[in-house]
Amino acid sequence: MGEKADVQMAQNPFEPYVESLRQQLEEQDPVFLIGVVVALAVVIITFVFLKYFLTSKTVRSAVLLVGLCDSGKTLLFSRLLSGKFKRTQTSITDSSAPYKAKNDRGSTWTLIDLPGHDSLRPQYLEKFKSAARAIVFVVDSAIFQKEVRDVAEFLYNLLTDPVISRNTPAVLVACNKQDVTMAKSAKLIQQQLEKELNTLRVTRSAALSSQDGSVGRSLYLGRKGKDFEFSQLPLKVEFLECSARGSKGEEGDADVEKLERSLAKL
Ligand SMILES: Nc1nc2c(ncn2[C@@H]2O[C@H](COP(=O)(O)OP(=O)(O)O)[C@@H](O)[C@H]2O)c(=O)[nH]1
Ligand SMILES: [Mg+2]
């Protein structure tokens, strides 16, 4: 019996190496061994987490239409889905439908029209923000001058939201109603919003710190000590012009090509 084992040992060419490795390991400091095990564990856990985060990103497939009341979200919603003009009613609930992006991959997003009314907005945003792959922020360019304050506040709340700044969905600012003669251009709207957000972030963080004495919870928008620009944000903010109504009125096509192109790139 003992002879048999000896023969087997002699046959295994790796046996001497394994044996010396075992001896070396035994000579090592146990702290070193624990270190090796911990390092391996950390690497494995990192991989599992990475995989989890990457897959959870692909799960996010909602495209949210948000914006103040009457900015044209519901009309954009039906234009993107069917191309048809619809007389809209004030929406009090959300509606959603699958939207096929115009790209080769044939990506399908869930387009969600959120009600714009002030009292309903937070609860619906809360419901869908974690699923957002992109947020289409619709602005009424025709009366932008009058609404700039409200638009900036809404955008500020969106951009400083902890879930949104963690998930970093693409934000597409759709400067709608470009068919109206007095409509402001996307460039001008961007500049005005940057100016407005620049002051808003100072007043907001000051108000917060005087309230509870800490600024830890709130997120400071952009870079400190520099004038605010959208390019400072961790998420991509893109400004584009569109007209859900279109220049030819209700019978004609909408002018939403730029928006469709951006949605195809998501
Ligand atoms: N002139 C013009 N009117 C628009 C445009 N988009 C929407 N509207 C009108 O603006 C009003 C509000 O649109 P709606 O889609 O209900 O806005 P919502 O409250 O954001 O859903 C409706 O009377 C639309 O016909 C546009 O691009 N140009
Ligand atoms: Mg609506």
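Biologist: Which residue in β3 is the bridge partner of Lys100?
Modeller: That's Thr108. Keep in mind that this is a predicted model.

Biologist: And how do β2 and β3 run, parallel or antiparallel?
Modeller: Antiparallel, with six bridges joining β2 to β3.

Biologist: What's the strand order in the whole sheet?
Modeller: β2-β3-β1-β4-β5-β6. The sheet is open, has six strands and shows mixed pairing. β2 and β6 (237-241) are the edge strands, each pairing on one side only. From one strand to the next, the twist averages 25°.

Biologist: OK, β4 then. How many bridges does β4 make with β1, and how many with β5?
Modeller: With β1 there are six, in the parallel sense. With β5 there are seven, and that pair runs parallel too. If you want landmarks, Val66 has Phe137 in β4 as its bridge partner, while Val138 stands opposite Ala174 in β5.

Biologist: How much of β4 is buried?
Modeller: Nine of its nine residues.

Biologist: Which part gives the largest share of the largest nonpolar core, and what else stands out in that core?
Modeller: The core has 48 residues, and Leu64, Leu65, Leu76, Val136, Phe137, Val139 and Ala174 have the most contacts inside it. β4 gives the largest share, seven residues. As a general point, nonpolar side chains tend to be buried together in soluble globular proteins.

Biologist: Leu76 is in a helix, I think. Which residues of α4 are buried?
Modeller: Leu76 is one of them, and the others are Lys73, Thr74, Leu75, Phe77, Ser78, Arg79 and Leu80. So you get eight buried out of the 10 residues in α4, which spans residues 73-82.

Biologist: And what covers those buried residues of α4?
Modeller: The cover includes β1 (62-67), β2 (95-100), β3 (108-113), β4 (132-140) and β5 (170-176).

Biologist: Zooming out, how many helices and strands are there in the protein?
Modeller: Nine helices and six strands.

Biologist: What share of the protein is buried?
Modeller: Buried residues make up 28% of the 266 residues. On contacts, if you take those with a separation of 6 or more, 73% are between residues 24 or more positions apart.

Technical notes: Residues are numbered from 1 along each chain as its sequence is written. Chains are lettered from A and ligands numbered from 1 in the order in which they are written. This is a predicted model: local features need pLDDT of at least 70, side-chain atom pairs count only at pLDDT 80 or more; totals for chains, interfaces and linings use all residues. A residue is buried if 20 or more other C-beta atoms lie within 10 Å of its own, exposed if 12 or fewer, and partly exposed in between; C-beta atoms are placed from the backbone. Helices (H or I, at least four residues) and strands (E, at least two) are DSSP runs, numbered from the N terminus. Two residues are in contact if their C-beta atoms, placed from the backbone, lie within 7 Å. Two strands pair if DSSP finds at least two bridges between them. A nonpolar core is a set of buried Ala, Val, Leu, Ile, Met, Phe, Trp, Tyr and Cys residues joined through C-beta atoms within 7 Å. Axes are lines fitted to C-alpha atoms, for helices over the stretch in contact, and angles run from 0 to 180 degrees between N-to-C directions.
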